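Morning, everyone. Let's look at the pockets and the cores of this protein. Have a look at the screen first.

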Amino acid sequence: MVNSFSAEVQRVVVLGTGGTIAGKAASSGDNIGYTAGQVGVADLLGGIDAPTGVTLVAEQVAQVDSKDMSFEIWRQLAQRCAHWLAQPDVAGVVITHGTDTLEETAFFLHSVLAAAKPVVLTCAMRPATALAPDGPQNVRDAISVAATKGAQGVTVVCAGTVHSAVDIQKTHTYRLDAFGSGDAGPLGYVEEGDVRLVRSWPEGGGSQASKPVGAGAVTWPRVEIVMSHAGASGAVIDALMSAAVLDPLRGLVLATTGNGTVHHALEEAALKAQAAGISVVRATRCMSGRILPKAGEQLRDAGALTPVKARIALMLELLGE
Ligand code: SIN
């Protein structure tokens, strides 16, 4: 199915947050020794022709290397998306973002926005100063998705591929096509400005809406990820439980082996934490698949969510309590 653009003139709003896509290196041959988050989003749009009937609006929300993404930026981003999506002449929102935590921001926005219009995150693996930067084509493709009639929900566009926020994971450290959607596969492809869908647009986001998008201050519950591995112990959980230096621990995500299995020493500490009132969730550290529930499990599982996404889901759940 190839989707067409809507007939009326509409705006697509491009929100900048930084990342390699806005990165600068000292030489055009350097694709890794750059500083992320240097070029403003309005400048990233220079030289990009909008699709016919589409006007672009640029707004800088943040300017960070996405490894340093913060809850406060997430909150601002969710609020700016909600603001722009409510404008009748806005077809959709594009967000330029670093690749490193892109899947987390996408999943967060999916969780808090009931996006009946498209919110499309995009990125680059090469800085803006590269000999052959990948950012401009990715931005152009993301704009095409945001302007496509019938598009909705939070998606990610990279290297001509459209992924859903729920399924996407960064799978490569260096290649331009650095993302995958595991067993689910991509939603579709962008080909010369046309979107070819192979699955339906995502539905069902926004179930955790109110607090992060609302005006009041948010105290994010502290949820940590602890990995199970050969030779694991309960020491990290014990330390987290006793640490008085940070906000009190509210939740734990166990990054488990295989089908949700946990080293017995770590499991013992996790069960103690759970008995003490900490919310504990198991999420597999495998790249693909989901945890298939077994009878008698004492620690609940996060299904197909990766540990970083399970952490976001748990934080939002605790925030809603
Ligand atoms: C970042 O995530 O901000 C830097 C890395 C990248 O965008 O590829």
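Start with the second largest pocket. Its lining holds seven nonpolar, seven polar and four charged residues. How big is the volume of this second largest pocket? About 230 Å³. It has 18 lining residues, and those closest to its centre are Thr 20, Tyr 34, Thr 99, Met 125 and Lys 170. Keep in mind that this is a predicted model.

Now the largest pocket. Its volume is about 270 Å³. Again, 18 residues line it. Closest to the centre are Asp 167, Gln 169, Ser 181, Gly 289 and Ala 304. By class, this lining has seven nonpolar, seven polar and four charged residues.

Why does the largest pocket lie between domain 1 and domain 2? Because domain 1, residues 2-197, and domain 2, residues 219-319, both give residues to its lining.

On to the cores. In soluble globular proteins, nonpolar side chains tend to be buried together. Here, the largest nonpolar core has 51 residues. Which of them touch the most other members? Leu 15, Ile 95, Phe 108, Leu 109 and Val 119. Each of the two domains, 2-197 and 219-319, supplies at least three residues to this core.

Let's zoom in on Val 119. Set aside its neighbours within four places in sequence. Val 119 is then in contact with Cys 81, Leu 85, Val 93, Ile 95, Leu 109, Leu 113, Gly 153, Val 154 and Thr 155.

One last stop. There is a second, separate core of 28 residues. Among them are Val 39, Val 41, Val 120 and Ala 146.

Technical notes
Residues are numbered from 1 along each chain as its sequence is written. This is a predicted model: local features need pLDDT of at least 70, side-chain atom pairs count only at pLDDT 80 or more; totals for chains, interfaces and linings use all residues. Side-chain values use heavy atoms; hydrogens and water are left out. On a 1 Å grid over the protein atoms alone, a cavity is a set of points where a 1.4 Å probe fits but cannot get out, and a pocket is an open set with protein on both sides within 12 Å along at least five of seven lines; lining residues have an atom within 4 Å of a point. Grid points are joined across faces, edges and corners, and a volume is the space filled by probe spheres set on the points. Ala, Val, Leu, Ile, Met, Phe, Trp, Tyr, Cys and Pro count as nonpolar, Asp, Glu, Lys and Arg as charged, and the others, Gly among them, as polar. Domain bounds come from an automatic or database domain assignment. A nonpolar core is a set of buried Ala, Val, Leu, Ile, Met, Phe, Trp, Tyr and Cys residues joined through side-chain atoms within 4.5 Å. Buried means under 20% relative accessible area, exposed over 50%, partly exposed in between (1.4 Å probe, protein chains only). Contact means heavy atoms within 4.5 Å.
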